[in-house]
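Let's walk through a structure together, with questions and answers about its pockets, its sheet and its aromatic rings.

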Amino acid sequence: MACRIGEIVLKCRDLEALARFWSEVLDFVELDREEGVYIEIGPREGFGGPQPTIFLIRNDDPKSGHARLHIDVNPTDRDQAAELERLLAVGAVPVDIGQPADASWHVLADPEGNEFCLLSSRLDPL
């Protein structure tokens with residue numbers, strides 16, 4: 001038997017802002033919270049499904065350098081260009097981490113500067 005990822009933990013300064021951002025990006029909902037300490041978001045069907053939840057935990061330490069681990073996202077109901085436009089509208093910003101100019105992916109950052117990539121291949125929604 002193997003493991004699967006159950007949750008991704010992301011330290012952040014503004015729980016509410018990042019919960020809103022990632023919920024919008026992934027079409028997630030709030031599943032649990034302890035006011036001012038953490039918010040856990042995940043798929044509408046709740047815990048235990050094929051997608052991991054995101055556990056946002058409050059941490060006031062400044063982000064330093066590039067993350068050693070980042071999230072890649074795939075569009076599910078539109079092409080990459082339309083999804084890029086949507087992500088920029090909800091608060092993502094383009095970042096340059098040295099990716100090639102002709103890369104098939106876009107490197108973005110969430111409102112607290114956490115890098116993630118928008119891939120070109122479209123996946124079927126779960």
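Q: What volume does the largest pocket have?
A: This is a predicted model, in which local features need pLDDT of at least 70, side-chain atom pairs count only at pLDDT 80 or more, and totals for chains, interfaces and linings use all residues. Residues are numbered from 1 along each chain as its sequence is written, and side-chain values use heavy atoms, without hydrogens and water. A pocket is an open set of points on a 1 Å grid over the protein atoms alone where a 1.4 Å probe fits, with protein on both sides within 12 Å along at least five of seven lines; its volume is the space filled by probe spheres set on the points, which are joined across faces, edges and corners. For the largest pocket, that volume is about 850 Å³.

Q: Which residues that line the largest pocket are the closest to its centre?
A: Lining residues have an atom within 4 Å of a point. By class, this lining has 16 nonpolar (Ala, Val, Leu, Ile, Met, Phe, Trp, Tyr, Cys and Pro), ten charged (Asp, Glu, Lys and Arg) and three polar residues (the others, Gly among them). Of the 29 lining residues, the closest to the centre are Leu26, Phe28, Gln51, Asn74 and Thr76.

Q: Which element gives the most to the lining of the second largest pocket?
A: This pocket holds about 660 Å³ of space and is lined by 23 residues. Two or more of them come from each of β1 (7-12) and β8 (115-118); strands here are DSSP runs of E with at least two residues, helices runs of H or I with at least four, numbered from the N terminus. With five residues, the element that gives the most is β1.

Q: What is the strand order of the open sheet?
A: Two strands pair if DSSP finds at least two bridges between them. The open sheet has four strands with mixed pairing, in the order β1-β4-β3-β2.

Q: Why is the pair of Phe21 and Phe116 classed as edge-to-face?
A: Rings of Phe, Tyr and Trp (its six-membered ring) pair if their centres lie within 6.5 Å, with planes under 30 degrees apart counted as stacked, over 60 as edge-to-face and the rest as tilted. Phe21 sits in helix α1 and Phe116 in strand β8, 95 residues apart. Their centres are 6.1 Å apart, and the pair is edge-to-face because the planes stand at 65°.

Q: Are Tyr38 and Phe55 buried or exposed?
A: With a 1.4 Å probe and protein chains only, buried means under 20% relative accessible area, exposed over 50%, and partly exposed in between. The two rings are stacked, with centres 4.7 Å apart and planes at 20°. Both Tyr38 and Phe55 are buried.
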